[in-house]
Amino acid sequence: MSVEQKSSSLVQGTLHMLILKTLALEPMHGYGIGVRLEQISKGVFQVNAGSLFPALRRLERDGLIAGEWQVTENNRRGKYYALTAQGRATLKRETKDWE
């Protein structure tokens, strides 16, 4: 594995963890998740849609989050994501590993 691949998978793993951590608080739509990640990192971690939405699809495919279409606060349709039981267990386990 090259340094670039390692760096990419570390960033991806970190992004996945941050998304799970964000969704542990409450279900949110993709845009809201991006805004929350920027807020909790005090602007250091800005996630563009090209990284965020593929990460959400991977987490959903892996059964860690579940998405459901709903109407957003400004009357648009948005996909809201919530942690699954498996996602909660993964977050708990990986948080322990990080510590």
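Residues are numbered from 1 along each chain as its sequence is written. In this predicted model, local features need pLDDT of at least 70, side-chain atom pairs count only at pLDDT 80 or more, and totals for chains, interfaces and linings use all residues, while side-chain values use heavy atoms, with hydrogens and water left out.

**Exercise 1.** Describe how helix H2 meets helix H3.

*Solution.* Start with the elements: H2 covers residues 30-40 and H3 residues 49-61 (helices are DSSP runs of H or I with at least four residues, strands are E runs with at least two, numbered from the N terminus). Next, take the axes, which come within 10 Å and cross at roughly 115° (axes are lines fitted to C-alpha atoms, for helices over the stretch in contact, and angles run from 0 to 180 degrees between N-to-C directions). Then find the contacts: Gly30, Tyr31, Ile33 and Gly34 in H2 meet Leu52, Phe53 and Leu56 in H3 (contact means heavy atoms within 4.5 Å). Finally, sort them by class: five are nonpolar, two polar and none charged (Ala, Val, Leu, Ile, Met, Phe, Trp, Tyr, Cys and Pro are nonpolar, Asp, Glu, Lys and Arg charged, the others, Gly among them, polar).

**Exercise 2.** Work out the strand order of the open sheet.

*Solution.* First, list the strands in order: E1-E3-E2, with antiparallel pairing (two strands pair if DSSP finds at least two bridges between them). Now look at the edges: E1 (28-29) and E2 (65-71) each pair on one side only. Two bridges join E1 to E3 (residues 77-83), and His29 stands opposite Tyr80 in E3.
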